[in-house]
Amino acid sequence: VTDYDIGYYNQETILGGTSISLSDFPTFNSPQEVGDAMIDAGFNLVSLATNHTLDRGIKAIENSHSYWKDKDTYITGSYSTIEERNNIEIKEKNNITYAVLNYTYGTNGIKRPNGYESYVNIWDMSNKNSYESYKEQVKIDIESIRDKVDVLMVAMHWGTEYKFDTTWYQEDCAKFLSDQDVDIIIGTHPHVVGPITWIDDTLVIYSLGNFLSAHEVVNIANRIGLMTMIDIKKEVKDNETTITLENLNNELIYTYHNNYKDFKIIPFSNTDIHNYLNNTQNVYNEYKNIVTKLDENIQINELAIN
């Protein structure tokens with residue numbers, strides 16, 4: 001990841017740290033060393049709005065905010081105050097300005113406490129009425145930042161867990177965000193990979209799947225993830241700025257662990273994959289077909305020769 005100017009990942013569980021008890025399913029609280037490891041790996045853009053953001057209450061979120069505040073990372077989706085939420089951070093890299101918005105479909109039935117609405121950005125998809133109501137807020141958020149940056153990205157925690165196919169909510173969200181001139185949509189939550197496509201000039205990654213996880217509800221599917229790489233090109237001519245997304249490429253990855261220890265993230269293009277995974281050609285073909293289902297021209301790095 002250190003080879004790239006921007007490295008994104010979704011922090012699924014709250015990094016409330018050890019000052020409160022650590023916990024796993026169904027209400028998570030993770031050690032802050034997880035964040036340290038991801039930063040060391042080169043990630044510098046982190047989405048925090050997930051269905052688990054409210055798992056351990058206000059204290060865990062405040063601990064998370066304190067942790068991320070001192071890190072050289074772009075944090076989105078969870079904010080200390082409404083003022084912070086409504087003043088979206090703008091970053092610049094190589095003379096290209098960018099901003100990132102982030103929303104989750106819900107929080108597992110845990111309601112945001114009154115006065116703490118900034119702690120997690122929600123785009124409720126529980127029914128069509130609430131969905132349309134929240135959509136108006138998303139439009140306001142986009143309009144507040146779109147003309148101030150060259151590139152606008154939206155990280156969406158959406159979809160159905162363990163399902164490869166997209167839902168009408170996802171498809172409608174993606175079309176709506178594309179209509180608002182969002183450049184890149186990055187999807188998480190299903191814990192399995194999903195298709196990638198273009199809606200006009202908007203890149204839509206429906207689900208990256210898991211990256212680093214011991215999640216094994218659906219056998220191998222939860223261990224297969226996706227890394228997506230793209231170049232953002234800016235051209236200015238006659239005071240007109242043009243942004244293009246080029247050289248889209250993708251890498252299927254496999255997460256190995258030995259009884260929840262000795263974790264390794266292995267690209268399918270690395271010959272080591274054959275040492276950790278059986279039937280690699282069939283597995284590769286299956287998940288490549290999922291990613292390219294909506295667009296057969298989407299590029300995936302080839303499986304390494306055994």
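I began with the aromatic side chains and found Y103, W123, Y131, W168, Y169 and F176 linked into a cluster by ring pairs. For the pairs I took rings of Phe, Tyr and Trp (its six-membered ring) with centres within 6.5 Å, calling planes under 30 degrees apart stacked, over 60 edge-to-face and the rest tilted.

I noted the basis of the work. The model is predicted, so I kept to its limits: local features need pLDDT of at least 70, side-chain atom pairs count only at pLDDT 80 or more, and totals for chains, interfaces and linings use all residues. Residues are numbered from 1 along each chain as its sequence is written, and side-chain values use heavy atoms, with hydrogens and water left out.

**Entry: one ring pair**

I searched the whole structure and got 16 aromatic pairs. I then looked up Y9 and F43, which count as edge-to-face because their planes stand at 65 degrees, with ring centres 5.4 Å apart. This pair links distant parts of the chain, 34 residues apart: Y9 is in strand β1 (residues 8-10) and F43 in the loop between α1 (33-40) and β2. Helices (H or I, at least four residues) and strands (E, at least two) are DSSP runs, numbered from the N terminus.

I checked the cover of both rings. Y9 is buried at 8% relative accessible area, and F43 is buried at 7%. Here buried means under 20% relative accessible area, exposed over 50%, and partly exposed in between, with a 1.4 Å probe and protein chains only.

**Entry: N51**

Where does N51 lie? I found N51 in the loop between β2 (45-47) and α2 (57-69). N51 is buried, with a relative accessible area of 2%.

I listed two polar contacts of the N51 side chain: one to the side chain of N108 at 3.2 Å, and one to the side chain of H157 at 3.0 Å. A polar contact is a pair of N or O atoms within 3.5 Å; within protein, one must be able to donate a hydrogen and the other to accept it, and residues adjacent in sequence count only if both atoms are side-chain atoms.

Leaving out residues up to four places away in sequence, I found that N51 touches E12, T104, Y105, G106, T107, N108, H157, E161 and H189. Contact means heavy atoms within 4.5 Å.

**Entry: salt bridges**

I counted 12 salt bridges, each a side-chain nitrogen of Lys or Arg within 4 Å of a carboxyl oxygen of Asp or Glu.

I looked up D262 and K264, whose closest N and O atoms are 2.7 Å apart in a salt bridge. D262 is partly exposed at 44% relative accessibility, and K264 is partly exposed at 27%. Elsewhere, salt bridges that share partners join D72, E89 and K91 into one network. Within it, E89 and K91 form a salt bridge with closest N and O atoms 4.0 Å apart. E89 is partly exposed at 36%, as is K91 at 24%.

I also noted E235 with K233, a salt bridge at 3.8 Å, N to O.

**Entry: nonpolar patch**

Which residues make the nonpolar surface patch of about 380 Å²? I found L212, Y260, F263 and I265. Patches are made of residues with over 30% relative accessible area and no salt bridge, joining like charges within 9 Å and nonpolar side chains (Val, Leu, Ile, Met, Phe, Trp, Tyr) within 5 Å. F263 sits in the loop between β11 (240-256) and β12 (264-267). F263 is partly exposed, at 34% relative accessibility.

Conventions:
Areas by Shrake-Rupley, 256 points an atom, 1.4 Å probe, with all protein chains shown as cover.
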